[in-house]
Amino acid sequence: QRNLAEITELIHTAFLVHRGIVNLKDWTYSDGPLKDMQFGNKMAVLSGDFLLANACTGLAQLNNTKVCQSALKRVFGSRERC
């Protein structure tokens, strides 16, 4: 159960990191928070993808097909990717 809780937190954190992506066209570097942005959106996308990949690896290591399918359906929606 602890492993599944950790995996769930990884998925949630990946979602939050991906949600941090900003539309850079609406900002200029002289504006407030963007002037402190060093890496742009690329780092948010790659970091979120890294966390999601680790979560998927952890799901696979659980060796429980039903749990894996259920979690992946929730992550990717009802699309047939599982």
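Helix 1 gives the most residues to the lining of the largest pocket, 7 of them. Helices here are DSSP runs of H or I with at least four residues, strands are E runs of at least two, and both are numbered from the N terminus. What you are looking at is a predicted model, in which local features need pLDDT of at least 70, side-chain atom pairs count only at pLDDT 80 or more, and totals for chains, interfaces and linings use all residues. Residues are numbered from 1 along each chain as its sequence is written, and side-chain values use heavy atoms, with hydrogens and water left out.

The protein chain has 3 helices and 0 strands, and from the N terminus on its elements read α-α-α. Of its 82 residues, 17% count as buried. Buried means under 20% relative accessible area, exposed means over 50%, and partly exposed lies in between (1.4 Å probe, protein chains only).

The volume of the largest pocket is about 210 Å³. On a 1 Å grid over the protein atoms alone, a pocket is an open set of points where a 1.4 Å probe fits, with protein on both sides within 12 Å along at least five of seven lines; lining residues have an atom within 4 Å of a point. Grid points are joined across faces, edges and corners, and the volume is the space filled by probe spheres set on the points. The pocket has 13 lining residues, of which T8, I11, A71, R74 and V75 are the closest to its centre. Helix 1 (2-19), helix 2 (41-61) and helix 3 (65-76) each give two or more residues to this lining. By type, the lining holds 10 nonpolar, 2 polar and 1 charged residues. Ala, Val, Leu, Ile, Met, Phe, Trp, Tyr, Cys and Pro count as nonpolar, Asp, Glu, Lys and Arg as charged, and the others, Gly among them, as polar.

**The core.** I7, A55, L59, C68, A71 and L72 make up the largest nonpolar core, which has 6 residues. Such a core is a set of buried Ala, Val, Leu, Ile, Met, Phe, Trp, Tyr and Cys residues joined through side-chain atoms within 4.5 Å. Helix 2 and helix 3 each give two or more residues to this core, and the largest share, 3 residues, comes from helix 3.

**Helix 2.** With 21 residues, helix 2 reaches 30 Å from its first C-alpha to its last, close to the 30 Å expected at 1.5 Å a residue; the expected span is 1.5 Å times one less than the number of residues. Its buried residues are N41, A44, G48, L51, L52, A55, G58 and L59. Seen down the helix axis, these fall within an arc of 125°, so they line one face of helix 2. The arc is taken from the directions from the axis to the C-beta atoms. An α-helix has 3.6 residues a turn, so residues three or four places apart point the same way. The face turned away from the buried side of helix 2 carries the exposed residues K42, F50 and Q61.

| Residue | Relative accessibility | Class |
|---|---|---|
| N3 | 48% | partly exposed |
| A53 | 40% | partly exposed |
| N63 | 71% | exposed |

N3 lies in helix 1; N3 and G58 are 55 residues apart in sequence, yet 7.7 Å apart in space, C-alpha to C-alpha. A53 sits in helix 2, and its C-alpha is 9.1 Å from that of I11, 42 residues away along the chain. N63 is in the loop between helix 2 and helix 3. Phi of N63 is near 55°, a positive value in a residue other than glycine.
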